[in-house]
Amino acid sequence: MTNVRALIDAVIRIDSSADAIEWEGRWLDWGDLSERVDTLRALYAEMQLPTGARIGVMLRNRLPQLCALYSVLIADACLVTVNPLYPDIAVSDDLRTLALPLVIAEQADLDRPGVMEALAETGTAIIALPESWSGTARILRSRTPMATQREASADVIIEMLTSGTTGKPKRVALTRNAFQHSFDSALRYEANRNGEIVPQLRSGVQILIAPLTHIGGVWGAINGIASGRRTVLLEKFRVEPWRQAVAKYRPIVAGATSAGLRMILDAEVPKEDLASLRVLTAGAAPVEPDVIDAFWERYGIPVLANYGATEFAGPVAGWSLPDFKAHYADKRGAAGRLHRDVEGRVVDPQTDAILPPMTEGVLELKSPQLPDPDNWLRTTDKAKIDTDNFLWITGRADSAIIRGGFKVQPDDVVRALESHPAIREAVVVAIPDARLGQVPGAAIILRARAKAPTEADLIAYLRDRLLPYQVPVVFRIVDDVPRSASLKPILPDVAALLVALAKRPNQ
């Protein structure tokens, strides 16, 4: 397997004068990147942190935090991701629970209410990061070893929170072995990338938009530097900065989420601005086939979807460009083909019986990159698998809305709503109801310049496409919905928003 730590360490020392990372319109060269990484590693040595120590980083998509991420991985420590986008009390509670030997953060995050108090309670050492382009990282407080501090298992490389889009986030420990297997599997989906990689600098540029607190962001950060590509770092996805970066640097591959793809289409980005792209990759959430079709028809760009999760240490299935050219017409809607080292099957959730190809059931996986590589892992996704190992994700097995005894699958309602010509995106969630227990509610985002349909119009439209009990009881047109940093709708927050809006007169 490829030694990711050694590969990153070798790449950053090849040519100190070459550009490495663009942030805020300015380039950091590989020499400066190496110096920032080495400065942090020297601070770890000064603290006498043991190999494999758990180091928490409050990760934002900013240059100092990205350098900190690389330093932790090169130091053979365990990266513990801390999400500063959560409210103050959630961040401080998370830090208390983690009881880390060391936390790295920018000063503004350390100054948030409750953070310093939480770190003092656990005797956690603190390294304050510099400003983007000035100053150096410094020890703000040394470690006070306490019984509450927990050391990582020697085989854990990352502790990461799941996105929390369907419920309370949970922290997942990714083993080094699983991570290495996932890394090697991902490499096979890139052209001319097989087996061990020779450290080298490449001419290509990647645009990193995925949040570093999520597995997609960590993957982007690692794969970019391990490949020797220059990285354009964006703090979050917005259409115009993304368009400018693609038009300026002419990458052949770029990425976006399903929501981001819709935003690009809705903004009517000129075709010539995307002319360099051979493919767009898309993860974080399933991409509707209509969106993939629209990109192909408007831009002639294949959208290569994949399927993965934090618990899987990355993708376990995906489209390659050769597969897209050969099979998309007859495999439309698939999340791609299962990776070579991944076994998949679909089972009946009631009987556990293994179902025939292209029969919908609950997805189970087995792979060296999973937490328990020797046993089947049951996911919470409904799926189908064909005889060629292509995977279709058809919904979530745990998101059904039970309306007075009738089961409503939100995905069915979403598909019907998004077929309306005025609707760009819809999110359907369960709303509490005193009589029926739950009823469906819909948050709706309109296309640019579209006329808002009335509630009566929407009900009439859906009654031609759905069963009566599937039609939402609550409709609200919104500018946007609560989202994770990877732009996935946070379903509990969407439900809370709809409940609050339902108490007001509809506008």
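This text walks you through a few helices and loops of the structure above.

Keep in mind that the model is predicted: local features need pLDDT of at least 70, side-chain atom pairs count only at pLDDT 80 or more, and totals for chains, interfaces and linings use all residues. Residues are numbered from 1 along each chain as its sequence is written, and side-chain values use heavy atoms, with hydrogens and water left out.

Let us begin with helix α2, residues 30-46. Names like this come from DSSP runs numbered from the N terminus, where helices are H or I with at least four residues and strands are E with at least two. With its 17 residues, α2 reaches 24 Å from its first C-alpha to its last, close to the 24 Å expected at 1.5 Å a residue. The expected span is 1.5 Å times one less than the number of residues.

What caps the N-terminal end of α2? The residue is D29, with a side-chain oxygen that lies 3.1 Å from the backbone nitrogen of G31. Along the helix, the buried residues are W30, L33, S34, R36, V37, L40, L43 and Y44. Here, buried means under 20% relative accessible area, exposed means over 50%, and partly exposed is in between (1.4 Å probe, protein chains only). After α2 comes Q48, whose phi is positive, near 60°.

Now look at a pair of helices. Two packed helices are described by the angle between their axes and the distance between the axes. The axes of α1 (residues 4-11) and α8 (residues 215-226) come within 8 Å and cross at roughly 55°. Axes are lines fitted to C-alpha atoms, for helices over the stretch in contact, and angles run from 0 to 180 degrees between N-to-C directions. The two helices, α1 and α8, are therefore oblique to each other; angles under 35 degrees count as roughly parallel, over 145 as roughly antiparallel, 65 to 115 as roughly perpendicular and the rest as oblique. On the α1 side, the contact (heavy atoms within 4.5 Å) is made by V4, L7, I8 and V11, and on the α8 side by I222, I225 and A226.

Next, visit the loop between α6 (115-121) and β6 (125-129), where T122 is found. T122 counts as buried because its relative accessibility is 5%. T124 has its place in the loop between α6 and β6 too, and T124 is buried, with a relative accessible area of 0%. A polar contact of 2.7 Å joins the side chains of T122 and T124. Such a contact is a pair of N or O atoms within 3.5 Å; within protein, one must be able to donate a hydrogen and the other to accept it, and residues adjacent in sequence count only if both atoms are side-chain atoms. A polar side-chain atom of T122 also lies 3.3 Å from the backbone oxygen of L119, while one of T124 lies 2.6 Å from the backbone oxygen of L100.

Another threonine, T310, lies in the loop between β14 (303-309) and β15 (314-318). At 9% relative accessibility, T310 counts as buried. Leaving out residues up to four places away in sequence, T310 touches M160, L161, T162, V172, L174 and I215. T310 and G216 are 94 residues apart in sequence, and 8.4 Å separates their C-alpha atoms in space.

Finally, R250 has a positive phi near 55°, and R250 is partly exposed, with a relative accessible area of 40%. For E268, phi is near 55°, and E268 is exposed at 52% relative accessible area.
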